[in-house]
Amino acid sequence: MSRLTMTRRGLLKAGAASGVALAAPLSFVRGAYAEDFCNMPTGSSVTLGFNVPQSGPYADEGADELRAYQLATKHLNGEGDGGLLNTFSSKALKGNGILGKKVEFVTGDTQTKSDAARASAKRMIEKDGAIMITGGSSSGVAVAVQGLCQEMGVIFMAGLTHSNDTTGKDKRRYGFRHFFNAYQSGLALGPILADELGKDRTAYHLTADYNWGWTQEESIKDATEGLGWQTANAVRTPLGAGDFSQYLTPVLNSGADVLILNHYGKDMVNSLTQAVQFGMREKQVNGKDFQIVVPLFSRLMAQGAGENIKGILGTTNWNWSLQDEGSKAFVKSFGQEYGFPPSQAAQTCYVQALLYADACERAGTFYPPEVIKALEGFEFDGMGNGETLYRAADHQCFKEVLVVKGNENPQSQFDLLEVVKIVPREQVTYDASIFGGDLGPADAKTC
Amino acid sequence: MDAIFLQLLNGLDKGGAYALIALGLTLVFGTLGVVNFAHGALFMLGAFCAVTFNKLLSLEKVVVDETQQTAWGTPLEVRTPYIESWFGEFGSFLLNYSVPVSILIAIPVMLLIGIVMERGLIKHFYKRPHADQILVTFGLAIVLQEVIKHYFGANPIPQAAPAAVAGSADIGAWLGLGDGLVYPWWRLVYFGFSAFVIAAVFAFLQFTTYGMVVRAGMRDSETVGLLGINIQKRFTVVFGIAAVVAGLAGVMYTPILPPDYHMGMDFLVLSFVVVVVGGMGSLPGAVLAGFLLGILQSFASMNAVMSIFPGINQIIIYLVAVVILLTMPRGLLGREGVMEE
């Protein structure tokens, strides 16, 4: 029978051996991810895929998204003034790329068509080695690309998408949305409409006949009927109708005293312009001033409606006039780079790029299941919308929502929207289960 | 009753635009035998004549004010339109009336564009099959669209109607139909304008010698050629006139529909339906079908109609086209022998 003896030298050797043994599995596991997921960066750089509308009706919005992504790339790589890296509550990003790898990017053109957007995302993943896809200016595109990214195991950080379905019935484990949604627009706008227009109103909806329009109409109807408003009618208009006169004239003798335009982009510009031409802003119905409401405002597109947006109420995700430190830092960086202020689409895209990079840093890996874990339930601040939560249950961001109206006295060509109220996050938070859907698995995929 | 009357006005207004575009398309088809898919782009180019003129008038003198800063920390630029600082009230008047005044610019510009388009490209496709003509003119339309998008962006650019006709007319009071029946002044102006242009084109073709030769050429160009008349030269001018008609329709439409690079395509398909329903090569047919389809489209969008036939507003034009072509294969006023060989 041997005796167990422990010398000082033996103790040191055993300690060193134990240290090596403990450290070895960690480095082994980190290395193991390399074999297990699509487009694991192996060189000194990491490639992000910016999928934005470079042609088609939303090309100007897409161009602004691309500017924001290029600025985010600069800031992530330590160039420029650092932008929101200086105000972001998470301090994981150091301006040395992502996990020490220089950030590079490739771009795709969604054309604001689901099939084209999927094709360009697929090309960036399969041919260009993009580890993450981000961008877009349409809910149809977001849902389509999100589905593809789930299939391919590549994280998708959505751009401008406002339909409830993106993080509702079509939510995906690999998809994340920073932008607010139609339901939140209703929650934010309802009380302001009650304050500004009263509780005894009759609304008439004109709604773009596609997924986003339907969800917005439903959300705003829920909110206004909850206030006690009546709904005179809700009429679906073809996307890109151009001339809305035949849909506007029935409003005039419908008994409605509020027209709600569930339109976006060119449709919003045309329907609003024509509604004003039909004298709806001077009209009196039921003893009240007739009002027009545009639940989703985009400053970039509101330019197309010119003077007609003055005094019109709506909501927006973010506006460059905000005075919090994050917004000021972003406006300064963007304005100095390009000579004009960023749009809400630019802000959401910039933030999404940084949030992905930050999640990789905090996870210590590009391995998607770990990055997803880092994003799920992540609380942050300093990005321009107050304290924000990336809710784990549906991958929807919860943050402040802005109720705005068309500026009556703009000080510049960019000063189109006036913030009426910053609606706190608590007021636009809802139960994730109301929209159903299933996030699906987080399993890594090879490509 | 009010609702029906308003929809009738909407239909006449919309029909005016369809008729103007279809008139040009028919002129080109009737004279040159070319199916011109770039015709919608001419409508769009006309609208951008108004945009360009307005932008020229709005050129601004920029003074950097070092005492004020933008939100991004650069000195504030104070901008004043040159035209107002140079010409005072007359400058403001020109800016206010930039849309109707730009008609004067659009006429020579569109005539030139039409002639260059015909001489530079389309004449090489006269003897080619219609499919080739469609492909080349459609390609040309896309090129023109992309050029406009490059210089003006993709977003619509608002053009205001002159202040005097920016609001609504109280037509209820005019017609004794009661108060509150209003209709936008500019749409009434547009309807009157389209009726004037259509009448002018018909008068030109009907009452001038030039027009008589063109009409004769549309019937039988070979015989007209044998009389020693250079009919091709006249047809080139007709192509230019068609471009002017489409361009003017575009100029005057800008306060109704803020123009963007794609607006021509939005009208093109409908205008072809109008031409086919009216009868290929028939000018009165194009005008008649333009107004007819415009009115039908408006009535189909009435809530009472849509509650019985959901979605009818989106298919009515095509439905009517199918019915007319089944019962009258040459269209409403089509001639025998056109596109029938």
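**Reading helices and contacts**

Mentor: This is a predicted model. Start with helix 6 of chain A: its buried residues pack against helix 4 (139-152), helix 5 (182-197), strand 6 (202-208), strand 7 (230-237), strand 8 (258-262) and strand 11 (291-296) of chain A.

Trainee: Which residues of helix 6 of chain A are buried?

Mentor: A general point comes before the list. An α-helix has 3.6 residues a turn, so residues three or four places apart point the same way. In helix 6 of chain A, the buried residues are W212(A), G213(A), T215(A), Q216(A), E217(A), S219(A), I220(A), A223(A) and T224(A).

Trainee: What span should helix 6 of chain A have?

Mentor: At 1.5 Å a residue, the 17 residues of helix 6 (residues 211-227) of chain A should span 24 Å, and the 25 Å between its end C-alpha atoms agrees with that. After this helix comes G228(A), with a positive phi near 105°.

Trainee: How many residues of helix 8 of chain A are buried?

Mentor: The count is 12 of the 12 residues, so helix 8 of chain A is largely enclosed by the rest of the structure. Charged residues are on the list too: K266(A) and D267(A) are among the buried residues of this helix, given that Asp and Lys count as charged. Just after helix 8 of chain A, G279(A) has a positive phi of about 75°.

Trainee: At what angle do helix 1 and helix 8 of chain B cross?

Mentor: The axes of helix 1 (residues 2-32) and helix 8 (residues 185-207) of chain B cross at roughly 30° and come within 9 Å. Angles under 35 degrees count as roughly parallel, so helix 1 of chain B is roughly parallel to helix 8 of chain B. The crossing is left-handed. Among the residues in contact are L12(B), G16(B) and L20(B) of helix 1 and Y190(B), S194(B) and I198(B) of helix 8. By class, the contact has 11 nonpolar, two polar and two charged residues.

Trainee: Which element gives the most to the side of chain B that touches chain A?

Mentor: The contact takes 37 residues from chain B and 36 from chain A. On the side of chain B, helix 1 and helix 13 (283-300) are the elements that give two or more residues, and helix 1 gives the most, with seven. That side divides into 16 nonpolar, 15 polar and six charged residues.

Terms used:
Residues numbered from 1 in each chain as written. Chains lettered and ligands numbered in written order. Predicted model: local features only at pLDDT ≥ 70, side-chain atom pairs only at ≥ 80, totals over all residues. Axes fitted to C-alpha atoms, helices over the stretch in contact; angles between N-to-C directions. Helix = DSSP H or I, 4+ residues; strand = E, 2+ residues; numbered from the N terminus. Parallel < 35°, antiparallel > 145°, perpendicular 65-115°, else oblique. Left-handed = near helix turned anticlockwise from the far one by under 90°. Contact = placed C-beta atoms within 7 Å. Buried ≥ 20, exposed ≤ 12 C-beta atoms within 10 Å, placed from the backbone. Expected span 1.5 Å × (residues − 1).
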